[in-house]
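Hello,

Here is the structure I promised to pass on. Please open it alongside this note.

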Amino acid sequence: MTDVLAPARTTRPSPPKRRRSRAQRDRIFAWSMLTPTIAAVGLLMAYPIYIAINLSFRGGEIADLQNLGQYPLTLGNYADVITDPQLLGDIWRSIVYTVGVVVPAFAIGLGLALLLNKTFPGKRIVRPLALLPWAVPGVAVSAAFSWMLDGSFGVINYLLRSVGLIEQNVAWLASSDTAMTAVIIPTVWKFYPFFTLVLVAALQAIPGDLYEAARLDGASAWQQFRYVTWPALRAPAALAIVITGVGVFREFDFIFPLTGGGPDDATTTLAVRIYNEAFEYFTFGASAAIGVVTMVIAGALLLMAGRSVREGMN
Amino acid sequence: MSKVLSRRRTPQQWGLLAISLAVLVVLLFPVYWMIMTSVVPSKELLTSSPPLVPPADSASLDAYGEVLESRPIGLWLWNSTLVTFGTALISIVISTLGGYSLSRFRTKAQQAMGFTLLFSRMLPGTLLIIPVFVIFASAGMINNLWAVILVNVAATVPFTTWLMKGFVDAIPAEIEEAAMIDGCARLRTLWQVIVPLLRPGLATTFTYACILAWGDFLFARTLMPNPSDWTITVGIASFIGEFSVDWSGLMAAGIMSMVPMLILFVFLEPFLVKGMASGSVKG
């Protein structure tokens, strides 16, 4: 996984030269084994993207999604979407949501990975439990948190009141000041185990004698982390951050069931806006245009991050 | 770190256990609260200071019985099971073939695949559901579980193929070359020699695909308008928007939706870490 972003390097020496017919047969074999993968990717990515782009250039009242050819081609959707000041707000909220999820999730994931890399009794039971949120369906997570964050009877208000952090109940999901925090918390809970998983795997690959040598040189615990642990974690960490980040940037399963994008658009990210344009207002063309804009933004972020990930790996 | 010394428990190790338990209490509180809510009658929960442990005299499993009676939870779980196993099995086959090809042959696809993986993560699901709906509507496959399975396979395969490539990379090519010199055809070599060595990879792929497919909400919601065809996640989401939510029932349904993945997870989790290690850390 760490070399996803790197140009493919062959780890093995190239096979000895064979007769041409053999090489050709190999090529055919290689591609035919890849066919199902390509077909699956085409089904979900290539063709839907084509339809979405097509849709984003269509004007008029679109009612028949199966025959887009009958609607006139136009740039109007893009003109409307880009000049709409709301778009900047949506982009900003998507970024706030993404950073707000990735930073704490990474911190928790890293802390937990360092802990789980130690030897202690009962670790075999602790580890699957610590990773458990990853296996919980997103909708069940949303349901649990919508109950825990409930403004009147939610246990989070109760606990915060008990320890004196708040005096009055907070309507977490219903107030535009707190709604973003309230959708970030369950998302963090669902995503931290992925970081733990990747980082534990990376930690286990560090040879123990490196620490041995560092200790002999008189390195403190912090220095051991800084000069032995962290360099080994950097590349997988960067990749996990990028993969999670692009995933969260377009996440829908937590925000929509909890707030639907409200109150007052406080949690309307690009993904929620795409959905609402299409299924609340039935403006499919505008919805698709926002979707394409989202793809372009995420792609640009990915390219920027891609460079740093690649640098981190060299 | 201290593997050599680990036969004897040091005070430091018990300290680490204590820290872990404290961390687990915080991290798993939402799960605890779901269980707690599901066994306490709704009316006792609707106060500003709810009990933190189930009161012995009123705790019961009634909410489970009621929710099973009032909604087709069993059917939804069954639909989810079909979708999940269908997705996982098809994904395993596709990504083993694809991963083997990417690992053993140098084609342009190799470079494209890493990019495709990240690109597929980047696509907003909400953008895809309109086209996906259009595709399956023209194929007459709305309210057909195969449609949900196929879409979930497509969503899983870019990542699992890349994962399997990592696992195949870890198997020396000499092993299959020897088998082929003995006259085995490529596909038979793959099946008889490589696949048995790929077991940790298969377990990792299986777990990943199961978790993704079981948790899918958007695709199932879009492609299955008919309530008797819903998966458990769509069923649960239908509770949340209701005017007055039956929290005990909702949490009971939530618990029931978690248990199958929990069981799977506890069995396959050791493979998962090992899988990530051998599949990811190479450089």
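This is a predicted model: local features need pLDDT of at least 70, side-chain atom pairs count only at pLDDT 80 or more; totals for chains, interfaces and linings use all residues.

Overall fold. Chain B has 14 helices and zero strands. Along the sequence its pattern is accordingly α-α-α-α-α-α-α-α-α-α-α-α-α-α. The C-alpha atoms fill a box of roughly 75 × 65 × 30 Å along the principal axes. Chain B counts 283 residues, and 47% of them are buried. Take the contacts in chain B with a separation of 6 or more: 79% of these join residues 24 or more positions apart.

Where they meet. Eight residues of domain 1 of chain B are in contact with seven residues of domain 2 of chain B. Which helices supply at least two residues each to the domain 1 side? They are helix 2 (29-39) and helix 3 (42-45) of chain B. Helix 2 of chain B gives the largest share, with four residues. By residue type, the domain 1 side that touches domain 2 of chain B has five nonpolar residues and three polar ones. No charged residue is found on that side.

To look at the contact yourself, begin with helix 2 of chain B, the source of the largest share on the domain 1 side.

Best wishes

Note on methods:
Residues are numbered from 1 along each chain as its sequence is written. Chains are lettered from A and ligands numbered from 1 in the order in which they are written. A residue is buried if 20 or more other C-beta atoms lie within 10 Å of its own, exposed if 12 or fewer, and partly exposed in between; C-beta atoms are placed from the backbone. Two residues are in contact if their C-beta atoms, placed from the backbone, lie within 7 Å. Ala, Val, Leu, Ile, Met, Phe, Trp, Tyr, Cys and Pro count as nonpolar, Asp, Glu, Lys and Arg as charged, and the others, Gly among them, as polar.
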